[in-house]
Amino acid sequence: MTTSEGDTPHEEQNEGPWAVIPFIYYQDYPDQQDNYVRTTRYKWWSFIPLTLYENFRNLTNIYFLLVLIMSALPYSPVSWIFNFLPLVFVLLVSMIKLGIEDYLKYRQDIKRNKSPVNIYRFGEWTTVESHQIHVGDLVMIKAGDTVPCDMLYLTSSNPNHTTNYSETSLNGESAIKTMSPHPAFENLEIPKTFFRKQFYVHVGPPSANLYKFDAKLVCDDQKWGISIHNILLRGCVMHFTDYVIGVALRTGHDCTIMKNRRSPPAKMTKFDRDINKMIIYIFCSKLTLVISLSIANMILQHKTALLSLVRDSYGLAFIKTFMQFFILLSYMIPISLMVTIEIIRVFHMLLIHWDYGMFYEEFGYAELHNSNMIVTLAKITHVLSDKTGTLTENIMQLVRFVDETGANKSDEFSESVKSDPNNLQKSLKFIKCLALCNDVVVYHNPSGITEYNAESPDEASFVKYANECGVSLNDHQPTSIEIHVTEPDGSKTVEKYTILSHIPFNSDRKRMTVVLQKEGSEELVVYSKGADSIMYPLCNEVKYDKYVNKYALAGFRTLVFATRTLTNSEAQEWRKIWNYAESTIENRDEEIAKAAKYVECKLDVVGVSAVEDKLQPNLQDAIMWLRKANIALWVLTGDKLETAIEIGKTSSIILPGADTLVLSNPDEEEFKKQINQYNSNFDEFTEPVLVLTAETTTLALNNRDLFMSLATKCRSCIFSRVSPIMKATIVSMVKERQGTMTLAIGDGANDVGMIQEAHIGVGVFGREGSQAAQSADFAIPRFKHLTRLISVHGTWAYVRFPTVAVYMLYKNFVFILVVIWAACDTLASPPNFYNEFFISCFNLVFTLLTPFAFGFWEQNLSAEVLEKHPELHGLQSNPMEFKHLLYYLLLAIYQSAINYIIIRFSLRNNTFEANGCITYYAVVHTVTLQLMIWTKNYNGCIIAAFCLQFILLYCVSSIYCFLVNKTLQSSLMSLFGEVEGWFTLFAAVVCAIIPPLVFEVLIDYTKPSLERLMNEKVNKDNRRIKYDSRVQVEDENEDQNP
């Protein structure tokens, strides 16, 4: 539709368009002109400075850089090289990881930028690389290809010049959609027309809005509005069309999808916060210890007469001692801590991805997008779930309908029509509604089979059912629709309609309407369908409402179908309103909504449909597991109240005999009274489940404390008629409650908000798209796999991650506290007790493998036990609790002191350096054996790692002594050449290990852990099963050989 000069937006009259894009001809453009896209974070020249900057945002790395600088100053007890090498190693590991991730993005960028595309230049179609597309170019896209830029759709190879496309990479929805050419290009010969007429597009600045694109098309004195319905966005995939032609309006990073590129929200787990707290506490403790030792050294130096000639001044003595102790005690914080945790996280990511227990043939394996969140799974208290596609299969089937003939079972009716076509006439009006009122894309594939594709699965089920009943949707274009109706004699009658208006369904309208004109008729007929709460107020008479409630109670999704025939005067008036709305450039959506109200009234109810969405396999088992694990399940659905309740019953959310507490009064005062009444009588209820409507959900969000006082006591909550925004707000409400850990799970684009709001987001691979799965921390094939994710992987990670973190700190405490005991023999001066090379190798070589082995394969309980016993969820103790940390600190103090004292006094005639070396051996043996004691699950990999750790200790140290430090070699050879040396090492390790072992055994015996009791029960059961099997075999043998 053309517009007059007066229709030009006010801001354009005053300021002019942001940019003017002519077709074909190259021009100046205020933003990116070519189509080059770069998603990498770094360039070749910025990689090193940027990755170093990112690494040194980590306080731990800054800390070790400070230690390195201090070790390069005079009076350092350790050569700077031995602090430099470990820091470089840690930085290199991190930089290599970042480099690999960025290189993979770079490879994808090359693939995108170099993909071949046809553009029209110099009077002919030519093939160029995608990055060479410029704003204003004519671009040709072939079937199956991805649209490389945002472009104005012009024409296609189809006879009616429409095209079909999907937007999976844009919004996750895989449904096939249809687009018609802009009215300005109808019946034009493209591209020849553009040499006779010059078209321009006036555009605004690039935007991230996927659902709005306001621009203006200008040719001579004619102007047309351009909306999102005329634009093929970058990322769309073409279907059922040989080729498509469009004009590039946005290229490269100006494209809408590129403007939408955002990283998922950063989520910091309690585990990460605990580590940061521990490191801060350790640093403060270390600083206090260093200051205390420096002061003690300063005082002792000046009290010792023998040092009067060589001692420094008070200030210099303090500074030198402080710097030396600060360097020596820097190993209280292990430099490899975060690298170790990150590598274990990567291993867990692969473990989850290749877990066959979470494999589903249709959707494949689970995926992990945020490995930081694994450890949080073990403490989940609330699961907030979508219904359709998450608890159900999202495979819709029309099972019931009611019309003027009464209630019908769908399968019985279709069979009756097949046996006698006359039966169709009874319900022809309703069946026609199914075939005509929809957004279904029809595709006749080369094999002769007709495919129906729809944005909503229930629409496809309607059209398929109509086809079974003899009303076939043969063609559906944006401006026309054709159906074939079976006559009583078995012949087919072709009916063609012109689509004058299509007003789509959305979450606000909750209805869909089309205005059709049958070929050969002047009448305009309105077909509309939607939720009963929306449709009945628009109808002349409420019909079949008792069936709506009946079907909802059976757990079916219901829709009300209605029609209206416009009179001539109504039709003329509506055409004027609709034409004005369509031609409006500004506020077009609002004007269309006004035009819709004109026809969406005075409707006559034709019938009601009941669609069944089957529950996912093993859903009831999964929900019962969550219930037994004491995890509250909240269901957030768009279905009506009765349907939501029935789904709750069929899925075991509401158990037989359970009380359903319904909050449905929209009055706020009555709402509060009802909650208070439920609270006061709560003890009288059995397994209560709370159910809310959309109105009471709003009240609950406005009275959070009062509502949560009741909701937290209920086993489950079900929210009906909730919007995507309400879902995210409900998650936020639960998340604010102290002591809660939320997990949101969904399958559709409308679930992304709540998935990103929750502590943990889980996406279910859906049939309508993948946006939820892509936006989530975890993506699983089916809901039933959630229990394995929580029970097995969550519990294992909760045991492995904190234990490894605490062990890393514990072993370094044992290692470095020896230096403090040695300082007692040197007037509190920093001792050169450990060899510099051995210091640098402690974390990076000699105790490297065992934390990884524990973090990879340790299991406090088997997967089978964890899945079988949901009551174990959340009961595992946290090794990072204060009482456990205090024990590990006392253990480190004891073991370090024992190792030092036994070796110091047993080998007092040896050199200080030799004693330091054998004490080093004792410390490595002690911390390695201690982890072996803490390990519950021994397998080949864990045993190999422990053995290899001891081999590395002796091999690497021997090579170093033989090649580098001859003095230390001779000392060690004389020491280990005698029984005394080996016996002292053995005695030190045994005395360090045995008393704590006895203490832990006594504690476990008097106060046995849950894991031990469960393992004993499992072992007892296994022994009983083996015994019963052996007895059965013996009895069978006796029967055979009497």
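This is a predicted model: local features need pLDDT of at least 70, side-chain atom pairs count only at pLDDT 80 or more; totals for chains, interfaces and linings use all residues.
## Domain layout

The domain assignment divides the chain into domain 1 (133-260), domain 2 (334-353 + 791-1022), domain 3 (367-391 + 616-780) and domain 4 (394-614). Taken over C-alpha atoms, the centres of domain 1 and domain 2 are separated by 64 Å.

## Nonpolar cores

The largest nonpolar core comprises 140 residues, and L743, F778, L786 and Y920 have the most contacts inside it. Helix 26, spanning residues 785-823, gives the most to this core, contributing 23 residues. At least three residues of the core come from each of domain 2 (334-353 + 791-1022) and domain 3 (367-391 + 616-780). Apart from this core lies another, of 52 residues, which includes C149, L152, L154 and I228.

Within the largest core, L743 is one of the residues with the most contacts. Leaving aside residues up to four places away in sequence, L743 touches L377, I380, H382, V383, L384, A758, I760, V762, L786 and I790.

## Packing of helices 10 and 26

Helix 10 (residues 337-353) packs with helix 26 at an angle of about 165°, and their axes lie 10 Å apart. Because this angle is over 145 degrees, helix 10 counts as roughly antiparallel to helix 26. The crossing of helix 10 past helix 26 is right-handed.

On the side of helix 10, the contact is made by L337, T340, I341, I344, R345, H348, L351 and I352. Helix 26 supplies L789, H793, A797, R800, F801, V804, A805, M808 and L809 to the contact.

Methods
Residues are numbered from 1 along each chain as its sequence is written. Side-chain values use heavy atoms; hydrogens and water are left out. A nonpolar core is a set of buried Ala, Val, Leu, Ile, Met, Phe, Trp, Tyr and Cys residues joined through side-chain atoms within 4.5 Å. Buried means under 20% relative accessible area, exposed over 50%, partly exposed in between (1.4 Å probe, protein chains only). Helices (H or I, at least four residues) and strands (E, at least two) are DSSP runs, numbered from the N terminus. Domain bounds come from an automatic or database domain assignment. Contact means heavy atoms within 4.5 Å. Axes are lines fitted to C-alpha atoms, for helices over the stretch in contact, and angles run from 0 to 180 degrees between N-to-C directions. Angles under 35 degrees count as roughly parallel, over 145 as roughly antiparallel, 65 to 115 as roughly perpendicular and the rest as oblique. A crossing is left-handed if the near helix is turned anticlockwise from the far one by less than a right angle, and right-handed if clockwise.
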